[in-house]
Amino acid sequence: MPKIFAVIGLGTFGSAVAMELARRGYEVFACDRDPEKIEEIGGELANAVELDATDEKALRDAGLDEVDTALVSFGEPIADSLLVTMLLKEIGVREVVVKVTDDRHSRLVKRIGADRVIYPERDMSSKLVESLLSPNIFDVIEFSGDYSLVEMAAPKKMLGKKLADLHLRKRFGVNVIAIKSKVAVVNKKGMPDIEERVNIAPGPDDEIAEGDILVVLGRDKEIRKLKKI
Amino acid sequence: MNKKNSQENRDQLQDLLEKAQFYILNQKYSEAIKILRKLIEVEDASPHTFYLYGLACEGTNDLEEAKKAFRRVLELSPDHNEAHQHLDRLIDG
C-alpha cells in the first residue's frame with residue numbers, strides 16, 4: 001500500500017511539499033484553516049480540506065486518522081503546533097514531522113511526540129553559507145557528527161585520472177559515491193546541448209573528466225583538505 | 001577586394017564556431033571556451049555563439065559565466081528555448 005500523507009498548514013513550504021508529493025503520485029490531504037489557501041491549492045490537489053487542526057473531531061472527520069505521515073508545516077503559533085502534533089499522535093498517525101522555528105520549539109515538540117523535526121530556514125542557511133564561501137561546493141548534507149555528503153567540482157588536478165589512481169580513501173579517508181558528468185549531446189533540433197548523467201558507485205577505472213561533480217562522503221575536516229588540492 | 005576579405009573573415013569565424021562546437025561535443029569545454037571568447041571579442045556575436053559559450057562554461061562548472069551567457073542569448077533572442085531551460089536549471093539548482 002502506498003503511503004498516505006497529510007500536510008497541515010499551506011504556507012509556501014507546506015504547499016510546495018504537498019504539491020511535490022501529489023506530483024509523485026501519492027495521496028495527500030492538504031489542510032489549512034484559511035479558506036483562501038484551500039481555494040488556491042484546491043485546483044491542484046483532490047484532497048484540500050479547510051479545517052481547524054487543533055480540533056480533534058475535525059481531524060478525525062477529515063480522515064486524518066488514516067494517514068501514515070503528517071507534516072505540521074506551520075511554525076507559529078507554537079502552542080498550536082504543539083497541540084496539533086499531540087492530537088495527530090493521539091489519533092494514530094504513525095509518523096509526525098514538524099517544522100519548527102527555533103530550538104525551544106524543537107525541544108518541546110520532540111517531548112510531546114514528534115517523530116522528526118525539520119528546520120528549513122536553518123538548514124537552508126547553512127547550505128547557503130557553505131556555497132557562498134566555497135563556490136565549488138554545490139550541495140552539502142550533514143550526517144551525524146563530523147561527517148557530510150558533499151557535491152563538489154572535481155579539482156583540476158584530478159582531471160583525466162582514474163579513481164583508483166587518486167587514492168582518495170587512503171589520502172583523505174573519503175569515498176566518492178557518485179560522479180555527475182556533463183555529457184554533450186545533440187538535441188532534437190540538431191543543436192549541441194549538455195545533459196547531466198549520474199554514475200552511481202563509480203568503479204576504480206572510472207576517469208574524472210572536465211566538469212565532473214563528485215559526490216563525496218567523508219569527515220568534514222578531510223573534505224576541506226580535498227577541496228584545496 | 002574588400003568584399004573578398006569580408007567573405008574570408010566570415011568563413012574564418014564560421015570555421016572557429018564549428019571548431020568550438022566540435023570541442024563541446026567532445027567534452028573539451030575549456031578548449032571551446034578559448035575559441036568562443038575570441039569570437040565574442042571580435043565579431044558581433046550571435047545568440048548561437050553566446051549559447052555555445054554558456055554550454056561550455058556550464059561544462060566547466062563556471063556557473064556564473066554560464067548564467068551571464070544564457071542571459072545574453074535571451075537578450076538577443078528572447079524565444080531561445082534551450083537558453084531558457086539552461087538558465088532555469090542553473091538558477092533553480
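In this predicted model, helix 2 of chain B and helix 3 of chain B cross with left-handed geometry. The axes of helix 2 (residues 29-42) and helix 3 (residues 47-59) of chain B come within 9 Å, and the angle at which they cross is roughly 145 degrees. On the side of helix 2 of chain B, the contact is formed by Tyr29(B), Ala32(B), Ile33(B), Leu36(B), Leu39(B) and Ile40(B), which meet residues of helix 3 of chain B that include Leu52(B), Tyr53(B), Ala56(B) and Cys57(B). Sorted by class, this contact between the two helices has 10 nonpolar and two polar residues, with no charged ones; Thr49(B) and Gly59(B) are also among the residues that helix 3 of chain B brings to it.

Chain A holds an open sheet of six strands, which are arranged in the order 3-2-1-4-5-6 with parallel pairing. Strand 3 and strand 6 of chain A form the edges, each of them pairing on one side only, and from one strand to the next the twist averages 20 degrees.

| Element | Residues |
|---|---|
| Strand 3 of chain A | 47-50 |
| Strand 6 of chain A | 116-118 |
| Strand 5 of chain A | 95-99 |
| Helix 4 of chain A | 78-90 |

Strand 5 and strand 6 of chain A run parallel and are joined by three bridges, and Val98(A) has Val117(A), in strand 6 of chain A, as its bridge partner. Helix 4 of chain A packs on the sheet, where it touches strand 1 (4-8), strand 4 (69-72) and strand 5 of chain A, and the direction of this helix makes about 170 degrees with that of strand 5 of chain A.

Technical notes:
Residues numbered from 1 in each chain as written. Chains lettered and ligands numbered in written order. Predicted model: local features only at pLDDT ≥ 70, side-chain atom pairs only at ≥ 80, totals over all residues. Pairing = 2+ DSSP bridges. Helix = DSSP H or I, 4+ residues; strand = E, 2+ residues; numbered from the N terminus. Axes fitted to C-alpha atoms, helices over the stretch in contact; angles between N-to-C directions. Contact = placed C-beta atoms within 7 Å. Left-handed = near helix turned anticlockwise from the far one by under 90°. Nonpolar A, V, L, I, M, F, W, Y, C, P; charged D, E, K, R; others polar.
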